[in-house]
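The following exercises are to be worked through with the sequence and the model in view. Each task is followed by a solution in steps.

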Amino acid sequence: MKPLLAITAATLLSLPLSVQAMSADEVVQKHCVACHQAGLGGAPKMDDKAAWAPRIATGVDAMTATVLAGKGAMPPKGTCGSCSKDEVRSAVEAMTAPLQ
């Protein structure tokens, strides 16, 4: 029994303690495109420069704060509850870069 416990403990301790961060593009594809591609729930469409212009004008920090807090039909952190603030910020930058 003790050897099995020791092997189990060693195995558990060797597992990574945190989930690897997603790239900005992975976050966008997994958590943003579903609503922003079609404009669901009032989300600005990904290619609508006019809709994004006033948001972009507020800056990345303000847009990131909006995503973190949620807005309208968008829940806090969009649909990426496990995303860090940095991952959200990177996704915002990736989504808005082509529109600037």
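Is Glu93 buried, partly exposed or exposed?

**Solution.** The model is a predicted one, in which local features need pLDDT of at least 70 and side-chain atom pairs count only at pLDDT 80 or more, while totals for chains, interfaces and linings use all residues. Residues are numbered from 1 along each chain as its sequence is written, and side-chain values use heavy atoms, with hydrogens and water left out. The scale comes next: buried means under 20% relative accessible area, exposed means over 50%, and partly exposed lies in between (1.4 Å probe, protein chains only). Glu93 has a relative accessible area of 34%, so this residue is partly exposed.

**Exercise 1. Describe the chain as a whole.**

**Solution.** Step one is to count the elements. Helices (H or I, at least four residues) and strands (E, at least two) are DSSP runs, numbered from the N terminus. On that basis the chain has 5 helices and 0 strands, and the order from the N terminus is α-α-α-α-α.

Step two concerns burial: of the 100 residues in the chain, 22% are buried.

Step three concerns contacts, where contact means heavy atoms within 4.5 Å. Taking the contacts between residues at least 6 apart in sequence, 52% join residues at least 24 apart.

**Exercise 2. Find the salt bridges and state how they are connected.**

**Solution.** A salt bridge is a side-chain nitrogen of Lys or Arg within 4 Å of a carboxyl oxygen of Asp or Glu. Step one is the search of the whole structure, which finds 2 salt bridges.

Step two takes the pair Asp61 and Arg89, whose closest N and O atoms are 2.3 Å apart. This pair links distant parts of the chain, since Asp61 belongs to helix α4 and Arg89 to helix α5 (residues 85-96), 28 residues apart. Asp61 is exposed, at a relative accessible area of 56%, whereas Arg89 is partly exposed at 30%.

Step three takes the pair Arg89 and Glu93, with closest N and O atoms 3.5 Å apart. These two residues are separated by about one helical turn, because they stand 4 residues apart in helix α5. Through shared partners, the salt bridges join Asp61, Arg89 and Glu93 into one network.

**Exercise 3. Which residues does Thr64 contact, leaving aside its neighbours within four places in sequence?**

**Solution.** Step one locates the residue: Thr64 is in helix α4 (residues 60-69). Its relative accessibility is 2%, so Thr64 counts as buried.

Step two lists the contacts, which are Lys85, Val88, Arg89 and Val92. For one of these, the separation can be given: Arg89 and Thr64 are 25 residues apart in sequence and 5.4 Å apart in space, C-alpha to C-alpha.

Step three considers the side chain of Thr64, which reaches the backbone oxygen of Val60 at 2.8 Å.

**Exercise 4. Where is Thr96 placed, and is Thr96 buried or exposed?**

**Solution.** Step one: Thr96 is in helix α5. Step two: the relative accessible area of Thr96 is 1%, and therefore the residue is buried.

A polar atom of the Thr96 side chain lies 2.8 Å from the backbone oxygen of Val92. Leaving aside neighbours within four places in sequence, Thr96 is in contact with Trp52, Ile56 and Met63.

**Exercise 5. Determine how helices α2 and α5 are arranged.**

**Solution.** The axes of helix α2 (residues 24-36) and α5 come within 9 Å and cross at roughly 70°.

Step two classifies the angle. Helix α2 is therefore roughly perpendicular to α5, a class that covers 65 to 115 degrees; under 35 counts as roughly parallel, over 145 as roughly antiparallel, and the rest as oblique.

Step three names the residues that make the contact: Ala24, Asp25, Val27, Val28, Cys32 and His36 of α2, and Glu87, Ser90, Ala91, Ala94 and Met95 of α5. One of them, Ser90, is partly exposed at 30% relative accessibility.

Methods: Polar contact = N/O pair within 3.5 Å; in protein donor to acceptor, adjacent residues only side chain to side chain. Axes fitted to C-alpha atoms, helices over the stretch in contact; angles between N-to-C directions.
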